[in-house]
Amino acid sequence: MVFKIRHVALLASTAMLAACGGSDADTVELPYGTAQQLMANEVQPTADIYWGAVKFESILNDDGTVTERDIRPETDEDWATVEASAVHMGELGAVMLTPAYADGRGDDWSDFAQGLIDVSARAAQAAADHDPDAVFEVGGTMYNVCRACHQMYPPEELPEGMTVEDVQRPNNDETLEEYVAGDQT
Ligand code: HEC
């Protein structure tokens, strides 16, 4: 009998943890892990696909010459990949809106998450239209949404040497990690 009661109490405290999310996030089941894991494992790689689709690349060759080229989706399959990344970003925005990630945050959290959903819909449309200029432009707007949320909710544990200002759009073919590493050297 005593065991039973203790068991019930344990369940109740787990439910409370689940309800307030955020603080003890490690101990509860979140669909994509903690906010940090959601960002690092899903949001950033998805953004990289979108931002990497249309860009200007300037490569310094071994012989000192520079090769410059415009990167843009070529095949229907390329465009479909770009569109899919935008659709997935919208889904991730919706995940951020769920209580597991939104509870305990301010009202503006939902505005930022909704902003990401809205800009992702425009991003998907630009890809569906096979419009490189629009993909580039909407990609910039998407970045502004990321940045706005990060300014209000700065990452708690940033990689060494990194500030909130560094959580930004990686340029050209750099990943965020390479970008940060490059800044330190
Ligand atoms: C609704 C708010 C919100 C939006 C929108 C948002 N983020 Fe984040 N992001 C966070 C929070 C909160 C953290 C800090 C997580 C932590 O350290 O606990 C974070 C952290 C990060 C990190 C650092 C992860 C790490 O390994 O520490 C990256 C990278 C990142 N976000 C990328 C993005 C990108 C790219 C976008 C836009 C496409 C974006 N985020 C949009 C809230 C947001």
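The following questions and answers work through a predicted model, moving from the overall fold to the iron site and then to selected side chains.

Student: How many helices and strands does the chain have, and what pattern do they follow along the sequence?
Tutor: The chain has 185 residues, of which 33% count as buried. Its secondary structure consists of seven helices and two strands. Read along the sequence, these elements follow the pattern α-α-β-β-α-α-α-α-α.

Student: Which residues are the protein donors of the iron atom of the ligand?
Tutor: Two side chains reach the iron atom of the ligand, at distances of 2.0 to 2.3 Å. One uses its SD atom and the other its NE2 atom, and these belong to Met39 and His150 respectively.

Student: What is the geometry of the site of the iron atom of the ligand?
Tutor: In general, ideal angles for six octahedral donors are 90 or 180 degrees. Here the iron atom of the ligand has six donor atoms, and the angles among them run from 87 to 178°. The site is therefore classed, by the criterion that opposite donors are over 155 degrees apart and all others between 65 and 115, as octahedral.

Student: How many residues apart in sequence are the parts that Met39 and His150 tie together?
Tutor: Met39 belongs to helix H2, which covers residues 35-53, whereas His150 belongs to helix H6, which covers residues 132-152.

Student: Which helix gives the most to the shell around the ligand?
Tutor: There are 22 residues around the ligand, and those that come nearest are Gln36, Met39, Cys146, Cys149 and His150. At least two residues of the shell are supplied by each of H2, helix H3 (76-97), H5 and H6. With seven residues, the helix that gives the most is H2.

Student: What is the distance from an oxygen atom of the ligand to an N or O atom in the side chain of Gln36?
Tutor: Gln36 is among the residues that come nearest to the ligand. An N or O atom in the Gln36 side chain lies from an oxygen atom of the ligand at 2.8 Å.

Student: Why is the pair of Trp51 and Tyr143 edge-to-face?
Tutor: The structure holds two aromatic pairs. In the pair of Trp51 and Tyr143, the ring centres are 6.2 Å apart. This pair links Trp51 in helix H2 with Tyr143 in helix H6, 92 residues apart, and both residues are buried. The pair is edge-to-face because its ring planes stand at 75°.

Student: Which residue lies over the face of Trp109?
Tutor: The distance to the ring centre of Trp109 is 4.2 Å, and the residue is Arg105.

Student: Which backbone oxygen does the side chain of Ser120 reach?
Tutor: Ser120 is found in helix H5 and, at 2% relative accessibility, counts as buried. At 2.6 Å, its side chain reaches the backbone oxygen of Leu116.

Notes: Residues numbered from 1 in each chain as written. Predicted model: local features only at pLDDT ≥ 70, side-chain atom pairs only at ≥ 80, totals over all residues. Heavy atoms only, no water. Donors = N, O, S within 2.8 Å, 3.2 Å for Na, K, Ca; no water. Tetrahedral: all angles 85-135°; square planar, octahedral: opposite > 155°, others 65-115°. Helix = DSSP H or I, 4+ residues; strand = E, 2+ residues; numbered from the N terminus. Phe/Tyr/Trp six-rings, centres within 6.5 Å; stacked < 30°, edge-to-face > 60°. Buried < 20%, exposed > 50% of the residue type's maximum accessible area, 1.4 Å probe, protein only. Lys NZ or Arg CZ within 6 Å of the ring centre and 35° of its normal. Near = heavy atom within 4 Å. Polar contact = N/O pair within 3.5 Å; in protein donor to acceptor, adjacent residues only side chain to side chain.
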